[in-house]
Amino acid sequence: MNKKRCTAVVLAAGSGSRMKSDVAKQYMSLCGRPLIWYALHAIEESSVIDDCILVTGAEDISYVEKEIVTKYGFRKVDAVVGGGKERYDSVYEALRVIADDKLKTPNRDGYVFIHDGARPFLTEEILERCYKEVAHSGACVAGMPVKDTVKIADSEGYASQTPDRSYVWQIQTPQVFNTLLIIEAYDKLMREKDRLSAAKVKITDDAMVVETLMDTPVKLVKGSYENIKITTPEDMVTAEAFVRKNG
């Protein structure tokens with residue numbers, strides 16, 4: 001089977017307020033390199049990913065083009081675009097680049113890998129597993145089974161349910177979809193987001209957009225317990241240990 005074209009969307013538009021830093025977390029130094037470098041490097045070296053759209057804050061586009069893309073020679077980054085207020089707004093802006101055929105090589109019949117730039121430990125093995133599954137099912141997300149018992153709280157803060165841990169996964173990225181499926185899903189989201197908000201439906205990830213609006217099941221694929229998202233200063237300490245361990 002011939003490999004289909006794969007475009008990565010790397011999200012790096014967050015402010016990083018929980019890092020308690022004046023510098024946006026995606027540009028903070030992790031063992032001498034900007035945090036965002038690690039995900040982009042994995043994509044640059046990957047045999048799975050063909051090109052990349054980097055989403056950053058609108059005010060940071062020129063900085064990112066010069067100090068990240070050009071400085072580190074990320075040739076697969078085809079476009080740097082400004083993100084929106086919410087995560088789904090940022091994803092939508094990237095998908096418009098694909099839908100409007102603004103990539104150097106169009107991706108009309110391939111796959112889109114949506115990845116958090118604050119997850120530095122993306123690996124070729126994760127990308128390969130996701131590609132294999134999306135080629136089969138059309139929609140999949142990386143994640144890992146939870147290690148701890150999970151409790152569902154009621155409105156008063158009391159434990160009301162204890163789901164079977166063997167069925168509970170912690171979701172990661174990349175989240176990977178057939179190109180036309182994810183574009184259609186986000187177009188529909190933008191048309192219906194006011195209705196969803198009124199119904200108190202909170203969209204938290206790309207899989208939920210596809211599940212909710214396209215009635216399409218999303219397969220879970222094993223990522224890695226090291227594929228953490230850097231959110232707090234404590235996460236950075238863990239990340240530094242992983243970088244040192246992995247050489």
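In this predicted model, helix 3 covers residues 87-99 and has 13 residues. From its first C-alpha to its last it reaches 18 Å. That is close to the 18 Å expected at 1.5 Å a residue. Just after helix 3, Asp-101 takes a positive phi of about 55°.

Part of helix 3 is buried. The buried residues are Asp-89, Ser-90, Val-91, Ala-94, Leu-95, Val-97 and Ile-98. An α-helix has 3.6 residues a turn, so residues three or four places apart point the same way. The cover over the buried residues of helix 3 includes both strands and helices. Among the strands are strand 1 (6-12), strand 4 (51-56), strand 5 (77-82) and strand 6 (111-116). Helix 5 (179-198) and helix 6 (206-214) also take part.

The second largest pocket holds about 350 Å³ of space. It is lined by 15 residues, and the closest to its centre are Tyr-38, Pro-120, Phe-121, Leu-122 and Asn-246. Two elements, helix 1 (35-45) and helix 7 (233-246), each give two or more residues to this lining. Helix 1 gives the most, with four residues. By type, the lining divides into eight nonpolar, five polar and two charged residues.

The chain as a whole contains seven helices and 11 strands. Its radius of gyration is 18 Å, close to the 18 Å that the globule rule gives for 247 residues, so the chain is as compact as a globular protein of that length. The C-alpha trace spans about 50 × 40 × 40 Å along its principal axes. Of the 247 residues, 47% count as buried. Among contacts between residues at least 6 apart in sequence, 76% join residues at least 24 apart.

Key: Residues are numbered from 1 along each chain as its sequence is written. This is a predicted model: local features need pLDDT of at least 70, side-chain atom pairs count only at pLDDT 80 or more; totals for chains, interfaces and linings use all residues. Side-chain values use heavy atoms; hydrogens and water are left out. The expected span of a helix is 1.5 Å times one less than its number of residues. Buried means under 20% relative accessible area, exposed over 50%, partly exposed in between (1.4 Å probe, protein chains only). Contact means heavy atoms within 4.5 Å. On a 1 Å grid over the protein atoms alone, a cavity is a set of points where a 1.4 Å probe fits but cannot get out, and a pocket is an open set with protein on both sides within 12 Å along at least five of seven lines; lining residues have an atom within 4 Å of a point. Grid points are joined across faces, edges and corners, and a volume is the space filled by probe spheres set on the points. Ala, Val, Leu, Ile, Met, Phe, Trp, Tyr, Cys and Pro count as nonpolar, Asp, Glu, Lys and Arg as charged, and the others, Gly among them, as polar. The radius of gyration is taken over C-alpha atoms; the globule rule is 2.2 Å times the number of residues to the power 0.38.
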